[in-house]
Each structure stands twice: as C-alpha cells, then as structure tokens.
Amino acid sequence: MSYYEIIKKFEGFDFDAYFSNVTDEDVLKSIQKEKLNHLDFLNLLSDKAKNHLEAMARKAHMLTRQNFGRTISLYIPIYVSNYCTNKCVYCGFNQENNIKRKHLNLEEIEKEAIEIAKTGIKHILLLTGEAKELITMEYLMDAVKILKKYFASVSIEIFPLEIEEYQALKELGVDGLTIYQETYNEEIYDEVHLSGQKKNYLYRLNTPERGAKAGLRTVTTGTLFGLGKLKEEAFLNGMHAKYLMDKYLGTEVGISLPRINNAEGGFQTKYQLDDKTFVQFILAYRIFMPKVGITVSTRERAEFRDNLLKLGVTKFSAGSKTSVGGYQEEDKSTEQFEISDSRSVEEIVSMIKSKNYQVIYKDWELIV
Ligand code: SF4
C-alpha cells in the first residue's frame, strides 16, 4: 500500500462539483468537529469557507497552542550546489538556464557553516540540485559530518534517495527530510518536469515514505502552489501528510506551503495562490491535522509571515540565502528563487518575541 493508491481513489472524483456544493452549514459543522474526515477537510478548503475564516482562525489558534504552545522553531538553509540535471520549468537551477553555477567543496561548506552558526540557529537544512556525478553519497556524507560539528539538527532537502541511503545519512546525524511533490496532478507533473530523474512521479511520491521507513525523525511534504489547481493540490498534500502520520507514528510529519516565486527562466504560474487563500489553507491544515508541523519560508513577505504567527505555523526559516555560498560575500552563485523576507535572524527573533512567542533554536540533538 502506498499513498498512490489513495490518490487513485480520487481519480474520478469531481472536485469542482463537490466544492461548489459546500454550504455555510457544512463549513461550520466541520469547524466544530473534534475529529475531521476527508470531506470535512474539503469543506474547509472550499470557497464557502472563506466566509468563516475568523472561526477557523480561532480553532486553529487553539489547536496550535494546545499542541505546540507559543513557540516557533527556526531553521536556516545551506545550498551546497546548484548543478542540476533536471529540467523543472519553474526552477532557477533548471539545467537549461544559463546561470552562474557553483559547487562547494568541503572546505567551502565548512566556511559557510561557520558563518551560518554565528546566527545562533541550531537547525540547518542542506539543499542541493540533482547532479549525481558531482553530488555523490560520499560527498553528502562528508557534508553532513561537517554540518554536525556546528548544528544540533541537520535536515536535507535534496533529490530522492533509497531507504538505505537515508539510513546511512541518519547514522551520521541527519534527522529530517523535506521533499515536495511539487504537484500531485500526474499530467501536470509530466508537463513541468521536462527531463531528468525527477520526471518519475511515482518515485518522488513515495520518497517521504522511504524517509519515514529509514527512521528519520521528521518528514516534511509540500506542493508547490501555482502548478496545479489550488484546492486539489492542498487537499492531496494534506491527505498525504495524514497518510504518513497515521502510518508512521514515530515520525513527526510536517507540511510546507511554498508558492511559486520569480526565478531564472521566468516561469509564469497558471494558478495564483493569493494571500487570503494561503491563510485559509494553513487554517484548514491545522484543523484537519492538529499535530502537523507547518512551515512557512522566507519566500513569503515579512509582514505577511508576521501575521501568520498565530494561525498555526510552527516553523520559520530565517536569514536565508538561496544562492550557493550565499553567506559569504564574494563569489556567490545565482539564487534558486527570490527571497521576500530578507530580514536578519535577529530581526525575525525580535519580531517573534514581540508577539509573546518563544523562539526555539534547538529542540533536538542526535548523539552520534
Ligand atoms: S527543482 Fe530541484 S531538481 Fe528541479 S531544476 Fe531545481 S534544483 Fe533541479
């Protein structure tokens, strides 16, 4: 059994018809329920639910306080290579883009790590493009060993691996995996991934599950809003997270809400996720899955992120650079996408504190 079988069950489901038949009463009933089913989740994602955002926000706020307290965890990304053999039409690192490419050697990774560690953040997220001749398992393992010297928690957002490969990284101290499906719609997936390993929809879809099977402590899923129909994507991503939570009780499952930003190559989105719907989706995720971690990155504008604090978000990136070598001044590469919240870590920390929330720099340390 894999999540693909659940997706298949919804293949003939008329989402548009369901959403257009949702009533105010349906939404209010779903908000009040303690345990929601998938139809309740759909109700909360419907346009009708936009009439009830205040009630949803109250419930989401209460559930977040109950499960996470008044806390926000911070993490910071490190990009080690922007070479990539894939052609994802929405990404600045797409093989076809004529950008400044950079691949950090181990010494350069250490220099970046030292620079990043000065911010005080203890959770780092390692990112790279997919170029297996350059980014070998050996290279990844060496990079993790270096990062573990400076950070309590190392997560990865890299190309999909096998279970044994995740296990090997886990043994060195990797505890989290972030992997976005980008779009759950198989046809669109095929259209936007022109070539390369990433073209394999099913292999990618099963990646979070391989991470959970390898025993990684956290697994974060996501859909890149802008590629497919918004409500359907939110629904199938939420169901994916729920599937993982129900099946892998020892894994903390998270969900992230990236929406397409400007990147090299000038990809234009067909489905624009506006701020109000973005908020609605966060609230729906929280009410449907009270214990799910919710991440919002620096793709989002500063004042918008500030307003999301009380609505269910549990994790923020801070002080991010999306270019390779970006934390050192000289010789940076092209960015993967544009950052919207360019505040320093100190500025984000003081904003969080000003809202009476506690900043979590470190909630975990794997002793290896
Ligand atoms: S999204 Fe990832 S796999 Fe696709 S081009 Fe960008 S870096 Fe490569």
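Tutor: Contact means heavy atoms within 4.5 Å. This is a predicted model, where local features need pLDDT of at least 70, side-chain atom pairs count only at pLDDT 80 or more, and totals for chains, interfaces and linings use all residues. Residues are numbered from 1 along each chain as its sequence is written, and side-chain values use heavy atoms, with hydrogens and water left out.

Student: Which residues of H3 meet which residues of H4?

Tutor: From H3 come Asp-26, Val-27, Ser-30 and Ile-31; from H4 come Asp-40, Asn-43 and Leu-44. The contact residues divide into three nonpolar, two polar and two charged. (Ala, Val, Leu, Ile, Met, Phe, Trp, Tyr, Cys and Pro count as nonpolar, Asp, Glu, Lys and Arg as charged, the others, Gly among them, as polar.)

Student: At what angle do H3 and H4 pack?

Tutor: H3 (residues 24–32) and H4 (residues 38–45) pack at about 120°, with axes 9 Å apart. (Helices, H or I, of at least four residues, and strands, E, of at least two, are DSSP runs numbered from the N terminus. Axes are fitted to C-alpha atoms, for helices over the stretch in contact; angles run from 0 to 180 degrees between N-to-C directions.)

Student: Why is H3 called oblique to H4?

Tutor: Under 35 degrees is roughly parallel, over 145 roughly antiparallel, 65 to 115 roughly perpendicular, and the rest oblique. The angle is about 120°, so H3 is oblique to H4. Their crossing is left-handed.

Student: What makes Asn-237 buried or exposed?

Tutor: Its relative accessible area is 0%. Buried means under 20%, exposed over 50%, partly exposed in between (1.4 Å probe, protein chains only). So Asn-237 is buried. Asn-237 lies in helix H12 (residues 230–247). Leaving out residues up to four places away in sequence, Asn-237 touches Tyr-184, Thr-221, Gly-222, Thr-223, Ile-255, Ser-256 and Tyr-285.

Student: How do you know whether Glu-182 is buried or exposed?

Tutor: Glu-182 has a relative accessible area of 6%, so it is buried. Glu-182 sits in strand E4 (residues 174–182). Its phi is near 75°, positive in a residue other than glycine.

Student: And why does Asn-356 count as exposed?

Tutor: Asn-356 reaches 58% relative accessibility, so it counts as exposed. Asn-356 is in the loop between helix H15 (345–354) and strand E9 (358–360). Its phi is also positive, about 65°, although Asn-356 is not a glycine.

Student: Which residues have the most contacts inside the largest nonpolar core?

Tutor: Leu-74 and Phe-316, in a core of 119 residues. (Such a core is a set of buried Ala, Val, Leu, Ile, Met, Phe, Trp, Tyr and Cys residues joined through side-chain atoms within 4.5 Å.) Beyond four places in sequence, Phe-316 contacts residues including Ile-72, Leu-74, Val-296, Leu-309 and Met-351.

Technical notes:
A crossing is left-handed if the near helix is turned anticlockwise from the far one by less than a right angle, and right-handed if clockwise.
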